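Welcome! Try each task before reading its solution.

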Amino acid sequence: MPVRLLLVEDDPALSELIVQGLSEEGYRVDHAADGEEAELFLADRTYAVVLLDRLLPDRRGEDLLAQWRARGLGTPVLFLTALDAVEERVKGLRLGADDYLTKPFAFEELLARIEALARRSSLVGPGGRLRSSDLALDPQQARLEGPGGAWVTLTPREAALLELFLRHPGQVLQRQTLLEQVWSEPWEVSENALEAHVKNLRQKIRQVGSSARLRAVRGVGYTLEEGAA
């Protein structure tokens, strides 16, 4: 599944260079020129990392980040800024940023920092597994484990879908969001195909003895509800 990034940067020339460079590295990048546009993207999609400029035309990046953290957004955030004083870097990290890169910067360093942040997640346990409630997913092996040690192998699509749900437990993910993040050409995939994959994933979750539930939200999408602890 391509790694999706959100770039929030108002400098057109810099944004174009970053988007082009990251796209060539295989990332899928959405670009927001201000805070309002960033909010629209975050309301509709999920990201591995957010690259956030601290000085935006409509609000400061730290104010935007504070709002996201208050809403429970756990996505790693990398501040991009020309504010290079030590106290500014410390302030940015204390405000909830996961990393800080001052302008101008080398693209190779940006790439390395993104790679490091993309590996980091509060839901990732030993061995790179994603855990929620009584489920554990090894994304690399596409292996799903239940509470009693029972396990089953998932198809690549099933594993990609479950990874999204595990990274956003309790959150309703829109059908279009699921299609865009799991299929490389979502416009060619019918909703019936998505429903079939969700149905198969439900069966495998039950098969490993999990009490978690993939629930359809009519007219919106799906959500993973954790079972009783």
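## Exercise 1: an aromatic pair

At 7% relative accessibility, Y100 is buried in this predicted model.

**Task.** Find out which ring pairs with Y100 and how the two planes are arranged.

**Solution.** 
- Start with the count: the chain has one aromatic pair.
- The partners are F79 and Y100, with ring centres 6.1 Å apart.
- Their planes make an angle of 75°; angles over 60 degrees count as edge-to-face, and that is the arrangement here.
- Next, place the residues: F79 belongs to strand β4 (residues 77-81) and Y100 to strand β5 (residues 99-102), so the pair ties together parts 21 residues apart in sequence.
- Finally, check F79 for burial: its relative accessible area is 0%, so F79 is buried.

## Exercise 2: the whole chain

**Task.** Decide whether the radius of gyration agrees with or departs from that of a compact globule.

**Solution.** 
- For 229 residues, a compact globule would have a radius of gyration near 17 Å.
- The chain has 19 Å, which agrees.
- For the outline, the C-alpha trace spans about 55 × 35 × 30 Å along its principal axes.
- Within that outline there are eight helices and twelve strands.
- Buried residues account for 44% of the 229.

## Exercise 3: charges

**Task.** How many positive and negative side chains are there, and how far apart are the centres of the two sets?

**Solution.** 
- The chain carries 28 positive and 36 negative side chains.
- The centres of these two sets lie 9 Å apart.

Terms used
Residues are numbered from 1 along each chain as its sequence is written. This is a predicted model: local features need pLDDT of at least 70, side-chain atom pairs count only at pLDDT 80 or more; totals for chains, interfaces and linings use all residues. Side-chain values use heavy atoms; hydrogens and water are left out. Helices (H or I, at least four residues) and strands (E, at least two) are DSSP runs, numbered from the N terminus. The radius of gyration is taken over C-alpha atoms; the globule rule is 2.2 Å times the number of residues to the power 0.38. Buried means under 20% relative accessible area, exposed over 50%, partly exposed in between (1.4 Å probe, protein chains only). Lys and Arg count as positive and Asp and Glu as negative; His and the chain ends are not counted. The place of a charge is taken as NZ of Lys, CZ of Arg, CG of Asp or CD of Glu. Rings of Phe, Tyr and Trp (its six-membered ring) pair if their centres lie within 6.5 Å; planes under 30 degrees apart count as stacked, over 60 as edge-to-face and the rest as tilted.
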